[in-house]
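Good morning, and thank you for making time on the agenda. I would ask everyone to look at the sequence and the structure before I turn to the charged pairs and then to the helices.

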Amino acid sequence: MKFEVVIVGGGHGGAQAAVALRQQRFEGSVAIVGDEPEIPYERPPLSKEYFAGEKTFDRILIRPAKFYEDRDITLLLNRRVTRVDPIGHSVLTAAGDKIGYGRLIWAAGGTPRMLPVPGGKLPGVQVVRTRADVDAMKALAEAATRVVVIGGGYIGLEAASVLTKLSKKVILLEALDRVLARVAGEQLSRFIEGEHRHHGVDLRLNARIEAIEGVDHATGVRLSGGEVIPAELVIAGIGIIPAVQPLIDAGVKGSNGVLVDQFCRTSLPDIFAIGDCAAHPNRFSEGAVIRIESVQNATDQAVLVAKAICGDPRPYCVLPWFWSHQYDLRIQTVGLSTGHDSTVLRGHPNSRAFSVIYLRRGKVMALDCVNAPRDYIQGRALVAAGISACPATLSNPALALKDLIPTSPSNPPIGRNHH
Ligand SMILES: Cc1cc2nc3c(=O)[nH]c(=O)nc-3n(C[C@H](O)[C@H](O)[C@H](O)COP(=O)(O)OP(=O)(O)OC[C@H]3O[C@@H](n4cnc5c(N)ncnc54)[C@H](O)[C@@H]3O)c2cc1C
């Protein structure tokens with residue numbers, strides 16, 4: 001078996017790479033080799049509408065099966081790539097199939113981190129990455145009255161929000177002193193904590209987990225002080241490990257992900273990496289090499305690689321964005337807030353519609369918008385243009401963020417700082 005382009009991983013990045021190749025009129029053979037049994041589907045609903053039973057699986061497919069047939073995209077499902085031979089230009093699957101490639105696009109995402117404590121792998125402890133995970137989690141949740149969620153990142157918080165809607169008693173344990181510590185500033189963290197508590201979640205910060213209790217099924221979580229929290233289901237949302245071992249074994253540079261350049265090229269010829277597993281220099285992190293775990297990043301990098309394969313290489317410089325739904329909150333994020341030196345609050349959390357604007361040396365670098373879609377849309381332009389603005393202007397809800405963007409040299413924006 002040989003294909004001009006082999007894509008490893010049939011998730012957001014992998015599916016979009018195949019779609020984009022055909023959109024770019026690439027006529028060569030294309031195969032997606034994926035280890036899941038399903039055709040590519042969206043992952044965000046797994047902790048939202050799909051978990052809540054509000055969307056069926058058919059509704060979260062990235063494309064219907066016919067789409068791939070019509071465009072001659074070969075789907076090799078249920079196949080796990082275990083080795084890459086960069087000299088022979090082929091990959092090997094766990095079942096022993098050898099698949100040759102002209103170009104290889106590695107879009108394998110990540111594997112959920114397991115709880116590193118005794119009992120962390122007991123049945124009843126559930127991670128949240130695939131449809132199979134969430135089907136198992138749904139079945140366990142149906143029979144459960146008490147659920148412990150470990151991890152106050154977006155996935156844990158979204159799961160907690162769905163579970164309270166399903167009338168479960170939820171205990172959420174976060175190891176740090178605030179939720180969303182890795183991705184958001186304190187104002188958003190405290191607001192989100194308040195919302196969860198308001199909905200009845202027993203949210204505990206600085207939680208130290210010693211073990212998962214149980215013999216052949218989880219029955220509770222033991223904390224370092226000795227307290228045991230009983231639960232029939234334990235959900236672990238504590239991050240992922242990039243799925244890159246076969247590439248690293250083949251000699252590609254990287255460790256926490258695969259190192260790629262601004263064209264998503266790895267250190268080996270004809271091998272690209274995209275999505276959650278690609279550590280890339282990002283313009284919006286001031287050039288620092290980072291991995292971004294978002295649909296936007298996976299799909300935009302996929303398009304970029306498809307274009308490069310079709311002879312139109314462009315450096316990656318797309319503005320990062322992200323979203324989350326919890327209760328009636330629509331949280332939208334644009335830009336990267338890591339490294340901010342000040343924040344401005346626009347609107348008030350009590351109104352449940354507000355934005356946190358992140359600045360570095362006076363420049364707008366990111367926004368977290370809660371039920372504030374207008375701020376989000378207009379704020380995007382501020383981040384993209386690297387606008388500097390004074391806090392009093394940014395926080396004034398009577399002034400639209402879009403008015404801070406210069407339209408012409410003779411029409412300067414209001415309240416803009418000049419450095
Ligand atoms: C529950 C959940 C909720 C999320 N919510 C949001 C959200 O609201 N907004 C947002 O922007 N992002 C969200 N994300 C993140 C987003 O889904 C990921 O960033 C995105 O899926 C990354 O795409 P990817 O192609 O890199 O990896 P994935 O979509 O994970 O696809 C990788 C695929 O490769 C397969 N694979 C791995 N190793 C191999 C191998 N060796 N051989 C063959 N196949 C392999 C995997 O099984 C998987 O099918 C969420 C993620 C999860 C899990």
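Arg-314 has a relative accessibility of 43% and thus counts as partly exposed. Please keep in mind throughout that this is a predicted model. The side chain of Arg-314 meets that of Asp-312 in a salt bridge, with 2.9 Å from N to O. Asp-312 is partly exposed as well, its relative accessible area being 28%.

Let me move to Asp-328, which forms a salt bridge with Arg-352; here the closest N and O atoms are 2.8 Å apart. What does this pair tie together? Asp-328 sits in the loop between strand E22 (321-326) and strand E23 (329-335), while Arg-352 sits in the loop between strand E24 (342-346) and strand E25 (354-360), so the bridge links parts that are 24 residues apart in sequence. Asp-328 has a relative accessible area of 46%, which makes it partly exposed. Arg-352, at 24%, also falls in the partly exposed class.

There is also a network to mention: Glu-38, Arg-131 and Asp-135 are joined into one by salt bridges that share partners.

The next pair is Arg-103 with Asp-270, whose side chains meet in a salt bridge at 3.9 Å, N to O. Given that the cut-off is 4 Å, this pair is within it. Arg-103 belongs to strand E6 (residues 98-106), and Asp-270 to the loop between strand E18 (257-259) and strand E19 (271-273), so this bridge ties together parts 167 residues apart in sequence. Both partners are partly exposed: Arg-103 has 29% relative accessibility, and Asp-270 has a relative accessible area of 32%. In total, the count comes to 24 salt bridges.

I now turn to the helices. Two packed helices are described by the angle between their axes and the distance between the axes.

Consider helix H1 (residues 12-23) and helix H8 (residues 295-309). Their axes come within 8 Å and cross at roughly 35°, and the crossing is right-handed. On the H1 side, the contact is made by His-12, Gly-13, Gln-16, Ala-17, Ala-20 and Leu-21. H8 contributes Val-295, Ala-298, Thr-299, Ala-302, Val-303, Ala-306 and Ile-309. By class, these residues divide into 9 nonpolar, 4 polar and no charged.

Is Gln-16 buried or exposed? Its relative accessibility is 15%, and because the limit for buried is under 20%, Gln-16 counts as buried. Leaving aside residues up to four places away in sequence, Gln-16 touches Gln-23, Thr-299, Ala-302 and Val-303.

H5 passes H6 in a left-handed crossing. Tyr-154, Leu-157, Ala-160 and Ser-161 of H5 make the contact with Leu-188, Ile-192 and His-196 of H6. Which classes of residue are found in this contact? There are 5 nonpolar and 2 polar residues, and no charged ones.

The contact of H1 with H8 has no charged residues, and the contact of H5 with H6 has none either. Thank you for your attention.

Methods
Residues are numbered from 1 along each chain as its sequence is written. This is a predicted model: local features need pLDDT of at least 70, side-chain atom pairs count only at pLDDT 80 or more; totals for chains, interfaces and linings use all residues. Side-chain values use heavy atoms; hydrogens and water are left out. Helices (H or I, at least four residues) and strands (E, at least two) are DSSP runs, numbered from the N terminus. Buried means under 20% relative accessible area, exposed over 50%, partly exposed in between (1.4 Å probe, protein chains only). A crossing is left-handed if the near helix is turned anticlockwise from the far one by less than a right angle, and right-handed if clockwise. Contact means heavy atoms within 4.5 Å. Ala, Val, Leu, Ile, Met, Phe, Trp, Tyr, Cys and Pro count as nonpolar, Asp, Glu, Lys and Arg as charged, and the others, Gly among them, as polar. Axes are lines fitted to C-alpha atoms, for helices over the stretch in contact, and angles run from 0 to 180 degrees between N-to-C directions.
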